[in-house]
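Please look over the structure below.

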Amino acid sequence: ARAPPPPTDVRDARCTVGNRWDRVMAEEDEAVRVLQSLRGKICEAKNLPPCHGPNKMRDCFCTIKLDQEEVYRTQVVEKSLSPFYGEDFYFEIPRSFQYLSFYICDKSFFQKDLPFGKVSIKKEDLYKCNCKDSWFALHLVDANSEVQVS
């Protein structure tokens with residue numbers, strides 16, 4: 001078992017990503033098409049910034065997006081600044097994309113769930129993460145600054 005990295009004041013998220021490109025023979029026209037899928041595990045986050053207010057703890061979850069399209073969402077971990085998710089994910093990639101992004105979001109009962117941290121990996125850099133347990137620096141985001149462009 002690998003020891004976790006030493007704690008720092010940098011907000012971190014850890015995940016394992018593996019990608020797979022399969023060649024599938026299409027029977028109807030005997031053409032070859034390439035299907036892509038992504039498999040990995042959302043492990044944990046640590047040293048998240050505290051909430052405003054007296055409690056300071058967060059009820060948070062993680063979403064995975066291909067560009068701006070959400071493809072996976074974890075369960076909510078309540079009252080934690082170092083949530084452990086431990087969730088495996090797998091999905092087929094329906095189209096080309098540029099970025100695989102992991103968002104850490106606050107669960108809110110009174111307003112829209114708001115992302116406050118993000119890790120983005122360029123598609124061409126995914127091979128560097130293949131089958132490795134990796135820590136990534138979590139970049140704090142302003143939920144209102146995230147823009148979707150079509």
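The report starts with the model and its fold, then moves to single sites.

## Model and numbering

This is a predicted model, in which local features need pLDDT of at least 70, side-chain atom pairs count only at pLDDT 80 or more, and totals for chains, interfaces and linings use all residues. Residues are numbered from 1 along each chain as its sequence is written, and side-chain values use heavy atoms, with hydrogens and water left out.

## Fold

The chain has ten strands and zero helices. Both are DSSP runs numbered from the N terminus: helices are H or I with at least four residues, strands E with at least two. In sequence order the pattern reads β-β-β-β-β-β-β-β-β-β.

Of the contacts with a separation of 6 or more, 60% join residues 24 or more positions apart. Contact means heavy atoms within 4.5 Å.

## Surface and core

The chain has 150 residues, and 40% of them are buried. Buried means under 20% relative accessible area, exposed over 50%, and partly exposed in between (1.4 Å probe, protein chains only). The accessible surface is about 9,700 Å², with 51% belonging to carbon and sulfur atoms. Areas come from the Shrake-Rupley method with a 1.4 Å probe; for residues, only the protein chains shown count as cover.

The largest nonpolar core holds 24 residues, and F91, L100, F102 and I104 touch the most other members. Two or more residues come from each of β2 (32-46), β3 (58-66), β6, β7 and β8 (114-122). Such a core is a set of buried Ala, Val, Leu, Ile, Met, Phe, Trp, Tyr and Cys residues joined through side-chain atoms within 4.5 Å.

## Cysteines

How many disulfides does a search of the whole structure find? It finds zero. C105 is in no disulfide, and the nearest cysteine sulfur, that of C62, is 7.4 Å away. A disulfide is a pair of cysteine sulfur atoms within 2.5 Å.

C105 is buried at 6% relative accessible area. C43 is buried too, at 5%.

## Largest pocket

The largest pocket has a volume of about 340 Å³. It is lined by 15 residues; C51, R58, D106, Q111 and L114 lie nearest its centre. β3 and β8 are the elements that give two or more residues to the lining. β8 gives the most, with three residues.

A pocket is found on a 1 Å grid over the protein atoms alone: an open set of points where a 1.4 Å probe fits, with protein on both sides within 12 Å along at least five of seven lines. Lining residues have an atom within 4 Å of a point. Grid points are joined across faces, edges and corners, and the volume is the space filled by probe spheres set on the points.

## Loop sites and positive phi

P94 sits in the loop between β6 (84-93) and β7 (99-106). P94 is exposed at 61% relative accessible area. Its C-alpha is 8.6 Å from that of S37, 57 residues apart in sequence. K123 is in the loop between β8 and β9 (132-137) and is partly exposed at 25%. Beyond neighbours within four places in sequence, K123 contacts Q36, F97 and Q98. The C-alpha atoms of K123 and Q98 are 5.4 Å apart.

Most residues other than glycine have a negative phi. D67 has a positive phi near 55 degrees. D67 lies in the loop between β3 and β4 (69-73) and is partly exposed at 24%. K79 has a positive phi near 50 degrees. K79 lies in strand β5 (residues 77-80) and is exposed at 53%.
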